[in-house]
Amino acid sequence: MNGRNARDVSLEVLTRVERKTSYSNLELHQVLSRSQLSPVDRNLVTELVYGTIQRRNTLDWILAPFTPRKLELWVRQLLRMSVYQLKYLDKVPARAAVHEAVEIAKRRGHRGVASVVNAVLRNVLRHPDRLGTISETDPVKKLSLEYSHPEWLVKRWLDIWDVHTVRAMCDTNNRAPSHTVRVNRLKLSREELATQLEAENPQVKVRESDISAYGLIVEKFGNVADSVLYREGTCTVQDESSMLVGEILKPAPGSTVLDMCAAPGGKATHLAELMDDEGTVDAFDLYRHKVELIEEQVRRLGVRSVRARQADARQLPRLLSKKYDYVLLDAPCSGLGVIRRKPEIKWRRSLEDVGGLVALQQQLLDAAAQLVQPGGVFVYSTCTLEPKENEQQVEWFLRRYPAFQPDESFVRTLPVDVREKAWLGSGMVRILPQYFCSDGFFIARFTHMA
Ligand SMILES: C[S@@+](CC[C@H](N)C(=O)[O-])C[C@H]1O[C@@H](n2cnc3c(N)ncnc32)[C@H](O)[C@@H]1O
């Protein structure tokens with residue numbers, strides 16, 4: 001298949017993500033898995049989809065003076081995708097990008113639409129100042145347009161961090177995420193997995209993670225989840241920062257563990273592996289279809305200690321007649337640490353959402369406090385960077401539940417790189433995406449004083 005088909009497929013994914021407010025990674029996977037595109041075209045589709053979503057406000061800013069206000073959704077997406085190529089992709093000649101866009105418009109619409117697309121894109125090309133440096137002088141607007149993040153988010157981050165930190169964070173959020181896997185240490189060692197991954201594909205380059213003793217960064221493999229090694233349960237696709245959550249909870253073999261919000265099971269299965277699959281991990285999630293995802297991972301990895309069940313975790317103190325040695329609350333959150341993987345998050349979230357999530361997290365924290373055994377351990381984690389969902393929740397929890405103390409014992413077990421680069425508070429660690437080019441994560445560990 002040629003480049004033109006890759007652009008048709010990209011437009012289909014972009015339109016679906018926008019229309020259904022679904023996640024780009026899921027739509028992309030679904031569309032690519034039933035397409036016949038070559039590896040080169042698949043890479044182009046991935047680049048166009050992520051790039052167009054990532055750069056949305058900057059692309060709209062470039063297009064604004066030349067675009068009619070009312071446009072069908074697919075036409076707007078086509079214009080954004082084309083301007084993305086004009087501004088960000090050196091390898092695509094401008095003429096080709098415009099020509100392809102007009103051809104797609106002819107195939108999908110009628111002559112009128114094609115001539116609008118043609119006129120808008122030619123106008124953009126006639127104004128290279130619009131495609132070049134952003135001329136805004138207001139610092140928030142400038143950062144927002146240069147690094148394609150919403151103004152409210154840039155403003156919020158500038159309230160918390162200095163401008164260099166915010167710029168580095170926004171820049172990292174626009175980079176392609178690395179492919180990382182966690183070894184299933186019940187089946188093989190990290191070194192053995194690295195050797196086998198390289199043997200399955202001679203082009204592949206494997207590096208050990210600086211964050212987690214179980215992580216490997218895999219380059220040039222394509223989709224690891226399509227490999228034989230993955231199907232055989234030797235590894236799990238998981239971000240490096242996320243692996244740290246299990247390592248910080250570190251349940252002892254034979255203990256009882258509760259994972260309150262567990263789907264799709266990345267951390268629940270890690271906990272089982274860390275316990276040598278001895279003991280129990282009760283893994284709950286609110287949604288039935290998500291519980292099935294946990295069950296799928298449990299089967300694939302061959303772990304026996306995880307029991308996946310459906311429940312609203314806020315009701316668990318009423319539903320369960322027991323307490324646990326270890327409890328994990330990997331809470332639903334605003335996800336502002338995983339913008340690299342899900343770029344649409346930054347356009348869909350607002351400060352108001354954060355308020356709603358804080359209330360839900362507090363209800364879940366209330367439940368967690370009742371489920372930890374005296375002397376037990378509790379870990380609270382999120383993949384967001386918002387203090388209201390992180391440090392301020394920890395303060396709230398400690399004020400409300402004096403039986404819990406921040407537990408710093410894990411700090412000395414962290415890899416040196418993490419200790420040096422990450423922010424460490426009392427019993428807390430926060431990783432910003434730019435430190436290791438990994439997901440942004442917040443993890444806090446508490447002990448219940450017996
Ligand atoms: C951050 S994700 C968990 C990721 C998971 N720990 C992993 O590592 O694979 C949060 C999960 O919380 C679930 N959730 C949201 N509200 C919940 C509730 N009230 N009770 C239980 N689960 C809930 C969501 O369905 C989602 O799967």
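Helices and strands are taken here as DSSP runs, with helices of at least four residues and strands of at least two, numbered from the N terminus. The structure is a predicted model, and in its ligand site α15 (266-274) and β6 (280-285) each supply at least two residues of the shell around the ligand. This shell holds 17 residues, among which Cys-261, Gly-266, Lys-267, Ala-313 and Asp-330 come nearest to the ligand.

The domain assignment of the protein chain gives domain 1 as residues 6-131, domain 2 as residues 139-173 and domain 3 as residues 241-448. Between domain 1 and domain 3, the C-alpha centres are 38 Å apart, and the contact involves nine residues from domain 1 and six residues from domain 3. On the side of domain 1 that touches domain 3, α2 (24-33) and α3 each supply at least two residues, and α3 gives the most, with three residues. The residues on this side of domain 1 divide into four nonpolar, four polar and one charged.

The largest nonpolar core has 89 residues, and those with the most contacts inside it are Met-260, Val-327, Leu-329, Ala-368, Phe-378, Val-379 and Ile-443. Helix α19 (residues 351-371) provides the largest share of this core, namely six residues, while domain 2 (139-173) and domain 3 (241-448) each contribute at least three residues to the core. When residues up to four places away in sequence are not counted, Ile-443 touches Leu-244, Val-245, Ile-248, Val-379, Ser-381, Met-428 and Val-429. A second, separate core of 33 residues includes Leu-14, Val-17, Leu-63 and Leu-86.

Leu-63, included in this second core, also belongs to helix α4 (residues 56-63), in which Arg-56, Thr-58, Leu-59, Ile-62 and Leu-63 are buried. Viewed down the axis of α4, these buried residues fall within an arc of 165 degrees, and they therefore line one face of the helix. In general, an α-helix has 3.6 residues a turn, so residues three or four places apart point the same way. The buried residues of α4 pack against α3 (39-54), α5 (73-88), α7 (111-126), α8 (128-131), α9 (139-146) and α18 (345-348). One of these partners, α3, is also the helix that gives the most to the side of domain 1 that touches domain 3.

Conventions. Residues are numbered from 1 along each chain as its sequence is written. This is a predicted model: local features need pLDDT of at least 70, side-chain atom pairs count only at pLDDT 80 or more; totals for chains, interfaces and linings use all residues. A residue is near a molecule or strand if its C-beta atom, placed from the backbone, lies within 6 Å of it. A residue is buried if 20 or more other C-beta atoms lie within 10 Å of its own, exposed if 12 or fewer, and partly exposed in between; C-beta atoms are placed from the backbone. The arc is that of the directions from the helix axis to the C-beta atoms. Two residues are in contact if their C-beta atoms, placed from the backbone, lie within 7 Å. A nonpolar core is a set of buried Ala, Val, Leu, Ile, Met, Phe, Trp, Tyr and Cys residues joined through C-beta atoms within 7 Å. Domain bounds come from an automatic or database domain assignment. Ala, Val, Leu, Ile, Met, Phe, Trp, Tyr, Cys and Pro count as nonpolar, Asp, Glu, Lys and Arg as charged, and the others, Gly among them, as polar.
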